[in-house]
Amino acid sequence: MADVPKILVVDDEQAICYVLKLNLEMEGFSIDTTCSAEEALKMKLERYDLFLLDVMMEQMSGFELAKVIRGRQELKSVPIIFCTAKDTEDDLLEGFDSGADDYIRKPFSMRELVARVKSVLRRSGRYSSGGLLVFESLTLNLASKECKVDGEPVSLTATEFDLLSFFLQNPDNTFSRAEILNRVWSADVYVIDRTVDVNVGRLRKKIGRYGDRIYTKQGFGYGFKTKD
């Protein structure tokens, strides 16, 4: 669901994938792993809030994978962190030229990695360490699943809550209906584009004066604007 940041770990060492998955899930993140860039490209990458990439892999490198990710319009704003033993200045510069938001040199401590993952997600608006998403007097408590407007409780369905959470974690970005379906609805649930329209319509009514903040881009999809 949209209230838990989803991270894709791509590393050709299964042991590292296991350790990263274990430690990041203990911090409350949802983690998927894969051992090659090629396998990663077969996945629905738009479902993720951050990519944690190794560099040295057998065929396609992490640098090359990052360039493919950055070449997709729907993934341009998704953070990328390289986690690699390649530690020269040239490697660092190539990493950032490939689109990285951060670069962590191996070996590293898990405390450092977790802190930097949280920092990158927080800067991108995809993570709230306090468990609250706030816009003016509209608040979402991710732990208790409560929504309030001007201090008054608002009754939302689970899907409406996840939809609003997704919008608040990705402000001022427009998403297609397909992207919203992939990020908010479970992969094993069959829904159609019209489902997004219906839920957006209900959500707008329930959050009162903030309903107009959910804008429509004709023929494409929706977003949540924070600026007038």
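**Reading helix contacts and burial**

User: Which residues in α6 and α7 meet each other?

Analyst: Contact means heavy atoms within 4.5 Å. Here, T159, D162, L163, F166 and F167 of α6 meet I180, R183 and V184 of α7. By class, this contact of α6 with α7 comprises five nonpolar, one polar and two charged residues. The nonpolar class holds Ala, Val, Leu, Ile, Met, Phe, Trp, Tyr, Cys and Pro, the charged class Asp, Glu, Lys and Arg, and the polar class the others, Gly among them. The model is predicted, with local features needing pLDDT of at least 70 and side-chain atom pairs pLDDT 80 or more, while totals for chains, interfaces and linings use all residues. Residues are numbered from 1 along each chain as its sequence is written, and side-chain values use heavy atoms, leaving out hydrogens and water.

User: At what angle do the axes of α6 and helix α7 cross?

Analyst: Two packed helices are described by the angle between their axes and the distance between the axes. Axes are lines fitted to C-alpha atoms, for helices over the stretch in contact, with angles from 0 to 180 degrees between N-to-C directions. The axes of α6 and helix α7 (residues 177-184) cross at roughly 115° and come within 10 Å. The two helices are therefore roughly perpendicular to each other, a term for angles of 65 to 115 degrees. The crossing of α6 with α7 is right-handed, that is, the near helix is turned clockwise from the far one by less than a right angle.

User: How many residues does helix α6 have, and what span does it reach?

Analyst: Helices are DSSP runs (H or I, at least four residues), strands likewise (E, at least two), numbered from the N terminus. Helix α6 (residues 158-169) has twelve residues, and its first and last C-alpha atoms are 16 Å apart, close to the expected 16 Å at 1.5 Å a residue. The expected span is 1.5 Å times one less than the number of residues.

User: How many residues of α6 are buried?

Analyst: Buried means under 20% relative accessible area, exposed over 50%, and partly exposed in between (1.4 Å probe, protein chains only). Ten of the twelve residues of α6 are buried, so this helix is largely enclosed by the rest of the structure. Among the buried residues of α6 are F161, L164 and L168. Helix α7 is mostly covered too, with seven of its eight residues buried, including R177, E179 and L181.

User: Which residues in α1 and α5 meet?

Analyst: V19, L20, N23 and L24 in α1 meet M110, L113, V114 and V117 in α5. This contact has seven nonpolar residues, one polar residue and no charged residues. Helix α1 (residues 14-26) and helix α5 (residues 110-123) have axes that come within 11 Å and cross at roughly 65°. The α1 and α5 crossing is right-handed.

User: Where does E27 lie?

Analyst: E27 is in the loop between α1 and β2 (30-34). Its relative accessibility is 37%, so E27 counts as partly exposed. Beyond its neighbours within four places in sequence, E27 touches V114 and K118.

User: Is R213 buried or exposed?

Analyst: R213 has 10% relative accessibility and therefore counts as buried. This residue is in the loop between α8 (193-206) and β11 (214-217). Apart from neighbours within four places in sequence, R213 has contacts that include F135, E136, F224 and D228.

Definitions and conventions
Parallel < 35°, antiparallel > 145°, perpendicular 65-115°, else oblique.
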